Amino acid sequence: MSLAPTTIVGAAQMAAALAVAAVSAAVAFVLALSPTPRKPLPSERQFRNVLADTGHLPFPLLSVDTASMTTATAATAATTAPSNGNALRQRTSAEPEASARQHVSLSVVVPAYCEEARLPIMLEETLGYLDARLAANPATFSYEVIIVDDGSKDSTTQVALSCAKSHLAKKLALPKGTAASATANINALREIRVMTFERNRGKGGAVAQGILASRGDLVLFADADGATRFSDVEGLEREIRAIATPKRNLGVAIGSRAHMVNTEAVVKRSFIRNFLMRGFHMLVYLLGIRSIRDTQCGFKMFTRGAAARIFTNMHVEGWIFDIEVLILASKCGIPIAEVPVTWHEVDGTKMSLLRDSIQMLVQLVMIRLNYLLGFWSIPKDCRQ
């Protein structure tokens with residue numbers, strides 16, 4: 001018994017309608033679960049000026065360098081606000097031009113959430129290393145440390161400011177023959193700035209906003225727990241200079257603990273932490289990131305041009321943001337070097353093992369789907 005043509009047509013229309021509904025539901029599901037960064041509040045674009053104690057001043061957000069970006073990209077980035085909220089704003093009349101364009105050799109961004117206990121220890125090591133390097137090379141090296149208080153419920157901001165004041169009160173033993181002008185202005189070459197969020201954004205959001213406020217020719221973000229030996233920054237610098245593209249000076253160097261997988265520091269972790277770590281690495285591998293063995297180490301360095309391309313296009317503000325950083329670097333054609341670092345476990349993590357692991361799993365899948373389906377993309381001018 002054959003079906004009437006009208007019945008066949010009706011069935012085909014029903015199937016098509018169901019398919020459209022299923023696709024629409026799937027798209028709505030992906031978009032609903034996809035992370036979206038909030039726009040910075042006005043107070044979050046300011047920092048405390050410990051040098052002059054003049055209150056809150058506007059950050060000169062990551063300036064657009066025509067030497068590392070195309071003219072079209074520079075013009076677009078300076079005048080538009082990307083949909084992800086990580087806009088480069090233009091300098092206002094209240095912001096000194098010199099501040100907007102002054103560069104330092106190295107910016108160190110430290111995301112901090114409720115870190116009043118661990119931050120001073122990390123800063124002591126970090127600033128000790130940086131000051132020793134500055135004292136040896138005051139004519140060629142300068143740095144800034146940007147501490148991003150991610151809406152802490154403790155006194156993280158006050159502790160950071162106290163550390164900054166104590167740090168600047170210390171005098172450096174500069175080489176004999178150093179110009180008097182350089183000696184008088186030495187603190188301008190070793191500035192600490194504190195950015196305080198009114199509401200928590202997440203580690204990725206804190207890193208992104210801190211990097212967008214940086215002035216360094218090289219930009220490093222380092223975790224506030226001080227788990228990575230800071231002097232290992234030299235290895236990252238060597239590698240990033242070796243791989244950076246000659247024309248636009250683009251490169252990313254990331255600290256890696258992959259060589260420590262069988263060491264005491266990792267073996268002594270709890271079974272559940274090691275189980276989740278290995279499961280996460282397997283999922284990352286299955287989703288296509290196969291050339292990087294350790295995606296999550298909180299010690300990553302960027303050339304200025306690479307930072308501008310990556311962090312103006314970020315969407316993820318949670319723990320899993322490192323994955324999007326690496327995806328964007330790959331899509332932009334930016335070379336990545338993985339550099340072994342010395343690392344040790346530090347108590348006091350703010351990560352909830354179960355809750356944040358589930359959230360990371362969901363966001364990991366959403367990142368891959370959004371780029372695969374074209375919901376997220378990067379400007380063509382950002383590509384090599």
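Predicted model: local features only at pLDDT ≥ 70, side-chain atom pairs only at ≥ 80, totals over all residues.
User: How many disulfides does the structure hold?
Analyst: Residues are numbered from 1 along each chain as its sequence is written, and side-chain values use heavy atoms, leaving out hydrogens and water. A disulfide here is a pair of cysteine sulfur atoms within 2.5 Å. The number in this structure is zero.

User: Is Cys 332 buried or exposed?
Analyst: The cut-offs come first: buried means under 20% relative accessible area, exposed means over 50%, and partly exposed is in between (1.4 Å probe, protein chains only). Cys 163, at 19%, falls on the buried side. Cys 332 has 0% relative accessibility, so this residue is buried.

User: What share of the 384 residues of the protein count as buried?
Analyst: For some background, the protein has 13 helices and nine strands, where helices (H or I, at least four residues) and strands (E, at least two) are DSSP runs numbered from the N terminus. Out of its 384 residues, the buried share is 49%.

User: Of the contacts in the protein with a separation of 6 or more, what share comes from residues 24 or more positions apart?
Analyst: A contact means heavy atoms within 4.5 Å. Taking the contacts with a separation of 6 or more, residues 24 or more positions apart supply 82%.

User: Where in the protein is confidence lowest?
Analyst: Across the protein, the mean pLDDT is 80, with 75% of residues reaching 70 or more. Residues 87-101 stay under 50, and so do residues 63-83, where the model has 34 contacts beyond four places in sequence. Strand 8 (residues 299-303) has the highest confidence, at 98, while the lowest, a mean of 39, belongs to helix 2 (residues 71-79).

User: Which residue's backbone oxygen lies 2.6 Å from a polar atom of the side chain of Arg 38?
Analyst: Arg 38 sits in the loop between helix 1 (5-33) and strand 1 (46-49), and counts as buried because its relative accessibility is 16%. Its side chain makes a polar contact with that of Glu 44 at 3.0 Å; a polar contact is a pair of N or O atoms within 3.5 Å, and within protein one must be able to donate a hydrogen and the other to accept it, with residues adjacent in sequence counting only if both atoms are side-chain atoms. Beyond four places in sequence, the residues Arg 38 touches include Phe 197 and Glu 317. The backbone oxygen at 2.6 Å belongs to Arg 199.

User: Which residue in strand 5 stands opposite Glu 144?
Analyst: Strand 4 (residues 143-149) and strand 5 pair in the parallel sense over seven bridges, where pairing takes at least two bridges found by DSSP. Six of the seven residues in strand 5 (residues 190-196) are buried. Opposite Glu 144 stands Glu 191.

User: In strand 9, what is the bridge partner of Gly 255?
Analyst: Strand 7 is largely enclosed by the rest of the structure, because five of its five residues are buried. Val 252, Ile 254 and Ser 256 are buried on one side, with Ala 253 and Gly 255 buried on the other. Strand 7 runs antiparallel to strand 8, joined by three bridges, and pairs in the parallel sense with strand 9 (residues 336-340) over five bridges. The partner of Gly 255 in strand 9 is Val 339.

User: How many of the residues of helix 11 are buried?
Analyst: Helix 11 (residues 304-311) is mostly covered, and its buried residues include Arg 304 and Arg 309. Among the elements covering them are helix 7 (203-212), strand 6 (216-222) and helix 12. The buried count for helix 11 is eight of eight.

User: Which residue takes a positive phi just after helix 12?
Analyst: Helix 12 (residues 321-331) is largely enclosed by the rest of the structure, because nine of its 11 residues are buried. Among those buried residues are Phe 321, Asp 322 and Glu 324. Just after this helix, the residue with a positive phi, about 75°, is Gly 333.

User: What is the relative accessible area of Asn 249?
Analyst: Asn 249 lies in the loop between helix 8 (233-243) and strand 7. Its phi is positive, about 55°, although Asn 249 is not a glycine. Asn 249 counts as partly exposed because its relative accessible area is 43%.

Definitions and conventions
pLDDT = per-residue confidence, 0-100.
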